[in-house]
Amino acid sequence: MKVLLLKDPKDKDSGPDPYVKELGSYSLEATLIPVLSFEFTSLESLFEKLSHPECYGGLVFTSPRALEAIKICLKEKSKKEAWSKSLKQMWNIKPTYVVGKATASLVEEIGLVPQGEKAGNAEKLAEYICSREKPNSSALLFPCGALKREVLPTVLREKGIPLESLTVYQTAQHPDLQESLSSYFSQEGIPASVVFFSPSGVKFCLQHIQKLSGDLINQVKFAAIGPSTAEALRGAGTAVSCTAGSPTAQELAAAIHAALQPRSCSGPR
């Protein structure tokens with residue numbers, strides 16, 4: 001059976017994409033189609049803030065893209081040296097809060113130690129932060145995207161924990177998206193399952209997929225990487241067959257495998 005993953009492939013340098021690999025272990029043939037393109041902004045302002053760890057209580061990352069913004073800054077020799085010589089050590093005295101394994105591994109790549117990566121979404125991370133931070137302490141620095149959800153900032157604000165958000169990337173539709181989707185459906189046919197990885201993905205893809213699937217749309221199992229994406233699908237009037245228990249390849253593949261089993265087999269055990 002075929003599964004369509006609406007996400008960017010993992011960097012080629014780091015081996016096969018874990019989602020394709022995990023789904024393959026269930027004999028599911030997965031194809032990746034990039035949905036989003038990103039434009040990085042405010043990088044000078046970002047590095048200026050990173051240059052003053054004494055002004056902050058720690059860092060918060062809910063997206064791999066925010067780490068990519070930092071990595072772009074660190075390509076500049078003088079900034080890389082400043083980071084390696086002192087800034088990295090000064091930030092490591094403070095907590096770096098993250099959502100998910102992908103973001104955690106990028107935090108490690110820049111030499112920081114992630115906390116809270118097992119929190120599978122922003123809501124759970126906010127609870128984790130609230131359990132560790134005192135009200136009215138130094139602000140946490142939160143590099144984020146322009147389309148960030150307000151869940152985490154709202155929860156922290158209600159608990160009196162200061163958060164300083166800085167928009168470091170804008171999200172847009174990938175220029176090749178419509179062509180890639182049309183090509184996939186004409187060559188591979190209707191997939192057994194389509195997986196969405198973000199609310200933006202729902203916004204940019206769902207209508208195209210409904211149009212390309214036609215009358216067979218009801219045969220497709222729609223899956224979500226997490227609760228905010230599932231919420232976006234439901235908000236668009238689409239039934240969600242499964243949501244990953246946490247945003248990992250293992251959890252998602254297991255959920256899709258279970259959702260694709262014939263119903264007659266899934267009685268009480």
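Biologist: What should I know about the model before I start reading?

Modeller: The model is predicted, and local features need pLDDT of at least 70, while side-chain atom pairs count only at pLDDT 80 or more, and totals for chains, interfaces and linings use all residues. Residues are numbered from 1 along each chain as its sequence is written, and side-chain values use heavy atoms, with hydrogens and water left out.

Biologist: What is the order of the strands in the open sheet?

Modeller: Strands of a sheet pair through backbone hydrogen bonds, either parallel or antiparallel. Here the open sheet has 5 strands in the order E2-E1-E9-E10-E11, with parallel pairing, and at its edges are strand E2 (29-32) and strand E11 (242-243), each of which pairs on one side only. Strands (E, at least two residues) and helices (H or I, at least four) are DSSP runs, numbered from the N terminus, and two strands pair if DSSP finds at least two bridges between them.

Biologist: How many bridges join strand E1 and strand E9?

Modeller: Strand E1 (residues 2-6) and strand E9 (residues 193-196) are joined in the parallel sense over 4 bridges, and leucine 5 has valine 195 in E9 as its bridge partner.

Biologist: Which helix packs on the sheet, touching E1 and E2?

Modeller: Helix H8 (residues 177-188) does so, and its direction makes about 175° with that of E1. Contact means heavy atoms within 4.5 Å, and the angle, which can run from 0 to 180 degrees, is taken between N-to-C directions of axes fitted to C-alpha atoms, for helices over the stretch in contact.

Biologist: How many aromatic pairs are there?

Modeller: A pair of aromatic rings is described by the distance of the centres and the angle of the planes. Rings of Phe, Tyr and Trp (its six-membered ring) pair if their centres lie within 6.5 Å, and planes under 30 degrees apart count as stacked, over 60 as edge-to-face and the rest as tilted. The count comes to 7 aromatic pairs. In one of them, the centres of tyrosine 19 and phenylalanine 197 are 5.2 Å apart and the planes are at 90°, so this pair is edge-to-face. Tyrosine 19 lies in helix H1 (residues 18-25) and phenylalanine 197 in the loop between E9 and helix H9 (199-213), so the pair ties together parts that are 178 residues apart in sequence.

Biologist: Are these two residues buried or exposed?

Modeller: Buried means under 20% relative accessible area, exposed over 50%, and partly exposed in between (1.4 Å probe, protein chains only). Tyrosine 19, at 12%, is buried, and phenylalanine 197, at 18%, is buried.

Biologist: Which charged residue sits over the ring of phenylalanine 197?

Modeller: The charged end of lysine 7 sits there, 5.9 Å from the ring centre, the rule being that NZ of Lys or CZ of Arg is within 6 Å of the ring centre and within 35 degrees of the ring normal.

Biologist: With which residue does lysine 7 form a salt bridge?

Modeller: Side chains of opposite charge can pair when their charged atoms come close. A salt bridge is a side-chain nitrogen of Lys or Arg within 4 Å of a carboxyl oxygen of Asp or Glu, and lysine 7 forms one with aspartate 17, the closest N and O atoms being 2.8 Å apart. Lysine 7 is buried at 14%, and aspartate 17 is buried at 7%.
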